[in-house]
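Hi,

Here is the structure I promised to pass on. Have a look first, and my notes follow below.

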Amino acid sequence: MLPNDLIIGDLIIDAADEVRIRQDLVLTALGKRPADVALRVGRLLDVHTRRWLLDQDIVIKGRRIAWVGPAGYYPCEVRARHERPDLSAVPGFGEVHKHIESTHLTPEHEAALVLPRGNTWTCEASHEMSNVDGPNNLDFWLQARRQGSPLKIFPLPGSAVPPTAYEKSGGHFGYAEQSGFLRDSLMVAGLDEVMDWPSVWNPDNPSYGRLWGMIRATFEQRGVVEGHGAGLRDRSVINAFAAAGLASDHEVATVQEVLEKLAAGIFVELRPRAMGTVIPALLAAGLTDFSQVALTTDDRSATDTLRDGASDHNVRVAIAAGLPPEIAIQCVTINPARHMRLTPWVGSLSPGRYADVVLLSDLARVDIAEVWADGAQVSRGKQYVGATPSIDWPGWARQTIHIGRTLQTADFAIRAEPGRETMQAAVLRPFHWADDFLTETLAVANGEVQRDEARNITKFALVDRFSGQGQVSRMFWRGCGPRDPDTALGCSVAHDAHNIWVVGSSDAAMAQVVNQIAVQQGGWALVRGGRLVASVTFEIGGLMTARPAEALDAEMQALYRAADGIDWMYEPTFQDNWPPGFPERLIFATLTCAPWRWVLVAPHSRAPEGFVNVQTGATHPVVW
């Protein structure tokens, strides 16, 4: 049992405490005990029937709803009353699949950012912190709530820990670990996105037993097994995906894919970038039942959230795409709560649920006037007025970059065979999903294979940050990175194992970047002309910072300004959402899940140079 899991005050869901709370709610609903608060609203959305109920009281006891009905009809004393006759009440918005680490804020500061934007509960897709510190992962996600944060985080331990059998990280999850997570806390909703598809279907894959062990543990305790079906669109593969028990997919991109996956019983989680095309097509196809659909964020930085919004942005995009507002609200409330089997606690404005209420001044525009969480007002407009606990994060969260030595220029060199004037080189592009890697002929100078800026070919490397041995894998990439001399960029966010990646025009600049990231224990570093010109600190797990969103955004804006004058290589054919300029999306370019084939990982016993096909396990020299 995790320490402090029996929390007085209804912060962490615990079975014994839950009985006591509900016994009190029963007597309060019957009018035999007084309530704490009555919140009177102009109208309330019943998400179960999609009806608007006029002039309603939401009666609250502690952090929960005890009674809902026509204003003035509650049969007992209420200690405080609040009138909001001009506002519409909808349930607190839930994120069915979100990586809070991609906001790059620790949970207490994530709460201050997203609660004013309607997001009161999140199913945390914990691949990131799971890979950084697997043993302490659950404790990390529950800590802010234990200390009073109004944001409810339901952790789903990562299935990809490590992401593939060709990677090592700071965690290793299998049957025993997943069984323990589900046993130790009712806050754990299931297993996060199963994304290593070859390990699901292929019994010969080295990760087959580990992954199916996690699936078994989740089934045994009636948890939800989330899926990841990027590029999996063949009808037989969709059937196999569903047969495996993978309950959802947030990677859908086309209406045909959505319809086929819905027909296979797969819950569909739409991200904003798919809504504009998929929702109109679903409506045109005659779909009226959206109960198997949710809207979700997946990944969004603090900077983008400050600009666009959180869950409220997802609802606005869906409404703009033609989805009726009431259905859009269902897609961030009751639908994800049902899917995640969390309806006793969240998803509707109903007795027994947490008193999480979003008060709208304009439904169609999703203009949020106030948010209430745990029975208290936590925002006015975009201003957060709730509690932000001061958490002294321990060393295991702050000291996670273990390189073990100062890296040198030579660590990034790619040596040529003696006497050669040219070498053949394996080359990748960001988001290279083709079956084969590219092959280029590169010049040799001073015994080392050289970059070729004229052909947009630069050097990309991954540094193992877990073993303390300072291992480096390196190869040539095309169409990313700086063309300016002695310039390099790197970051300790490198999905999903989260080693340190660096791309640069010189080996010396690459070493300088990685050494700086090690000193600051994570984040971004930018070296230009051999001089450090910007850095951003992610001191928690090398993924997040324990600061407000505005402070992080200011640091990111300084990084963007420092990067503005650099000539960044670019080839527009790589991926539709790969924009020119500062290559921030390189933090996702080290993914090894479907639909990736050939990838670069940190050196591993199964891939000593780090260049491996994660679909087949084949390796290949980076030069020959």
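**Cavities, cores and a buried strand**

The largest cavity holds about 80 Å³ of space. Before going on: this is a predicted model, where local features need pLDDT of at least 70 and side-chain atom pairs count only at pLDDT 80 or more, while totals for chains, interfaces and linings use all residues. Residues are numbered from 1 along each chain as its sequence is written, and side-chain values use heavy atoms, with hydrogens and water left out.

A cavity here is a set of points, on a 1 Å grid over the protein atoms alone, where a 1.4 Å probe fits but cannot get out; lining residues have an atom within 4 Å of a point. Points are joined across faces, edges and corners, and the volume is the space filled by probe spheres set on them. That rule gives three cavities of 30 Å³ or more.

The largest cavity is lined by 14 residues, and His104, Ser301, Phe538, Met556 and Glu584 are the closest to its centre. By class, its lining has nine nonpolar, four polar and one charged residues (nonpolar: Ala, Val, Leu, Ile, Met, Phe, Trp, Tyr, Cys and Pro; charged: Asp, Glu, Lys and Arg; polar: the others, Gly among them). Helix α17 gives the most to this lining, with three residues (helices are DSSP runs of H or I with at least four residues, strands runs of E with at least two, numbered from the N terminus).

The second largest cavity has a volume of about 60 Å³. Strand β26 (residues 598–600) gives the most to its lining, with three residues, and Arg429, His432 and Trp477 are among the other lining residues.

(A nonpolar core is a set of buried Ala, Val, Leu, Ile, Met, Phe, Trp, Tyr and Cys residues joined through side-chain atoms within 4.5 Å; buried means under 20% relative accessible area, with a 1.4 Å probe and protein chains only.)

Lastly, strand β14 (residues 367–373) is largely enclosed by the rest of the structure, because five of its seven residues are buried. β14 runs antiparallel to β13, joined by five bridges, and antiparallel to β15, joined by four (strands pair if DSSP finds at least two bridges between them). In the two-residue turn between β14 and β15, Asp374 has a positive phi of about 60 degrees.

Cheers

Conventions. 1 Å grid on protein atoms, 1.4 Å probe; cavity = no way out; pocket = protein on both sides within 12 Å on 5 of 7 lines; lining within 4 Å. Buried < 20%, exposed > 50% of the residue type's maximum accessible area, 1.4 Å probe, protein only.
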